[in-house]
Amino acid sequence: MSFFKKLKTKLFKSSSKLEEGLDAIVEDGGVEEDVNAEAPQVEAPVDDAAQREAEQRQAEADAEAQRQAEAERQAEAEAAARAAAEAETAARLAENARIASEAAAQADADEAAAKKAQAAAARAAQQAEEARAAQAREEAALAAEQARQAEAAKQAQEAEAERKAAARALEELEVEKAAEKAASEAKAPGLLGRLMGRKEQKTVVRRELDDDMLEALEELLIASDMGVDTSLRVTANMAEGRFGKKLSTQEIKDLLASEITKIMEPVAKPMPIYPKRPQVVLVVGVNGSGKTTTIGKLALQFSNAGKKVVIAAGDTFRAAAVEQLQVWGERAGVPVLTAPEGSDPASLAYEAMQKAEADGADLLLIDTAGRLQNRTDLMEELAKIVRVIRKKDETAPHNTLLVLDATTGQNALNQVEVFRQISDVSGLVMTKLDGTAKGGVLVALADKFGLPIHAIGVGEQIDDLAPFDPEEFAQALTGTATE
Ligand SMILES: Nc1nc2c(ncn2[C@@H]2O[C@H](COP(=O)(O)OP(=O)(O)OP(=O)(O)O)[C@@H](O)[C@H]2O)c(=O)[nH]1
């Protein structure tokens, strides 16, 4: 696992206090709004158009069905009228035939009558002919009418099918709308949604950035060890141009992360490497801050980078400390120079300089004691070490690294002040950033002293030392980290 992944995972966990605090501030007095509250609400334009179209299609289908029904009724009336007319014609023909036969009966008796009868018969025949023609016309008209009716019935059927389809479409649209409504209600992050940690949010809580909110933010940052001055300045910067505006937790976190990044960027610098050999690195810090561990981690990183490294176990007052450093030296594959318990650390430092020079080492890492209880003694001890190594190289030490335990919070600020008085601190290493909720102190340190932060310790293993990345640190601290 890479250093930063580790840092992010670990710091992410530990920063939950700050993150939770930010969540609480916005929720307290915030208002739940639609995620797109700023954007004008447009009510389902596509669905409405579809519904209007379906309604129009149905209206047209209804009108067509009505027209068909009317046509059918008219066709029936016409058929009845035609039937009546046919019956009348048939009656007339029968009457004519009767007249003709009467006329024929009288034909023998009366020629004139016979002629009349002939004429009548001719008329009757003509009428019969005309009646047949009429009937043929009627039949043709009837056939045409039947065809028209069949067509009308077909159209009515089609219209009915279309009406049904339109009704079905309308019904489906309603069902779809209801389903969408139900789904959106289910997605709304109500209490249950929040408890279940729903990802897709339709609403967001926003709170107006006012004096109360600024005060709450200041308190939270101070509680996160950012220090009073830094906290006030960070919140003032966050509020600039945003006072009275509504902000969501995410927006607040992003703002805070960007302010923290701005403060941390100038101090994020790796330990400088000089052409001078050996480059002497004095490592200072209170007991237990992680000096020994850090020296072991640095030794490994530099030797992995192709540098020849020598370690001097300068804390000659504690045998356990010396042994521990030897273990780290073995792990890193780097020689560790030691001296008997209680001997002068300055003379060990001198010997180490000689050995480093003789070996052609690139780096000499010198561990020192960290007894702050007797500050004068410690100051004298460090001053002596510096004097002695300057006999060999007057530009040494080239770096004085102050190792600080991040879990000590505000205490780290005091330690910087003290060690700056007794040594020429050139840069910081922050240890134990894993598993601490006190990462905020780095912001205060950077803001107050502007000392470079060369590396951060994120665990007890030899590879748990990472370069300091301000942006990732800010994201991890505010909970805006994406992984
Ligand atoms: N979790 C964690 N523990 C660390 C880290 N750095 C050091 N430690 C632990 O902190 C404790 C003290 O570390 P040391 O390296 O012995 O500290 P020191 O400053 O040399 O202490 P003295 O030897 O008493 O002067 C040890 O248990 C280390 O394992 C770190 O980055 N993360």
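Which helices each supply at least two residues of the shell around the ligand? Select helix 9 (291–304) and helix 10 (319–332): each does. Helices (H or I, at least four residues) and strands (E, at least two) are DSSP runs, numbered from the N terminus.

Before going further, note that this is a predicted model: local features need pLDDT of at least 70, side-chain atom pairs count only at pLDDT 80 or more, and totals for chains, interfaces and linings use all residues. Residues are numbered from 1 along each chain as its sequence is written.

**Stop 1: the ligand**

Stay on helix 9. Its three residues are the largest share of the shell around the ligand. Now show the 20 residues around the ligand; Gly290, Lys291, Thr292, Thr293 and Gly457 come nearest. A residue is near a molecule if its C-beta atom, placed from the backbone, lies within 6 Å of it. Colour the shell by class: two residues are nonpolar, twelve polar and six charged. Here Ala, Val, Leu, Ile, Met, Phe, Trp, Tyr, Cys and Pro count as nonpolar, Asp, Glu, Lys and Arg as charged, and the others, Gly among them, as polar.

**Stop 2: the whole chain**

Zoom out. The chain has 15 helices and eleven strands. Of its 483 residues, 35% count as buried. Buried means that 20 or more other C-beta atoms lie within 10 Å of the residue's own; 12 or fewer is exposed, in between is partly exposed, and C-beta atoms are placed from the backbone. Among contacts with a separation of 6 or more, 79% join residues 24 or more positions apart. Two residues are in contact if their C-beta atoms, placed from the backbone, lie within 7 Å.

**Stop 3: the core**

Select Ala299, Ile311, Ala352, Leu364, Leu365 and Ile366. These have the most contacts inside the largest nonpolar core, a set of 92 residues. Such a core is a set of buried Ala, Val, Leu, Ile, Met, Phe, Trp, Tyr and Cys residues joined through C-beta atoms within 7 Å. Helix 8 (residues 249–264) gives the most to this core, with seven residues. Centre on Leu364. Leaving aside residues up to four places away in sequence, Leu364 touches Pro278, Val280, Val281, Val310, Ala312, Ala352, Met353 and Ala356.

Next, helix 8 itself. It has 16 residues and reaches 22 Å from first C-alpha to last, close to the 22 Å expected at 1.5 Å a residue. The expected span is 1.5 Å times one less than the number of residues. The buried residues of helix 8 include Ile252, Leu255, Leu256 and Ile260, and also Lys253 and Glu259.

**Stop 4: helix 12**

Select residues 375–392. Helix 12 has 18 residues and reaches 27 Å from its first C-alpha to its last, close to the 26 Å expected at 1.5 Å a residue. Which of its residues are buried? Leu378, Glu381, Leu382, Ile385 and Ile389 are. They cover an arc of only 90° around the axis, so they sit on the same side of helix 12. The arc is that of the directions from the helix axis to the C-beta atoms. Turn to the face away from the buried side: Thr376, Arg387 and Lys391 are exposed there. Then show what covers the buried residues, including strand 4 (279–284), helix 11 (345–359), strand 7 (363–367) and helix 13 (411–422).

**Stop 5: backbone exceptions**

Most residues other than glycine have a negative phi, and most peptide bonds are trans. Go to the loop between helix 8 and strand 4, where Pro278 is found. The peptide bond from Arg277 to Pro278 is cis, with omega near -15°. Pro272 is in the loop between helix 8 and strand 4 too. Pro272 counts as exposed because it has 12 C-beta neighbours inside 10 Å. Its C-alpha is 8.7 Å from that of His454, 182 residues apart along the chain.

Move to Pro397, in the loop between helix 12 and strand 8 (399–405). The bond from Ala396 to Pro397 is cis, with omega near -5°.

Two positive phi values follow. Asp225, in the loop between helix 6 (211–223) and helix 7 (228–239), has phi near 75°. Asp225 is buried, with 26 C-beta neighbours inside 10 Å. Lys432 has phi of about 55° and lies in the loop between strand 9 (427–431) and helix 14 (440–449). Lys432 is buried as well, with 23 other C-beta atoms within 10 Å.
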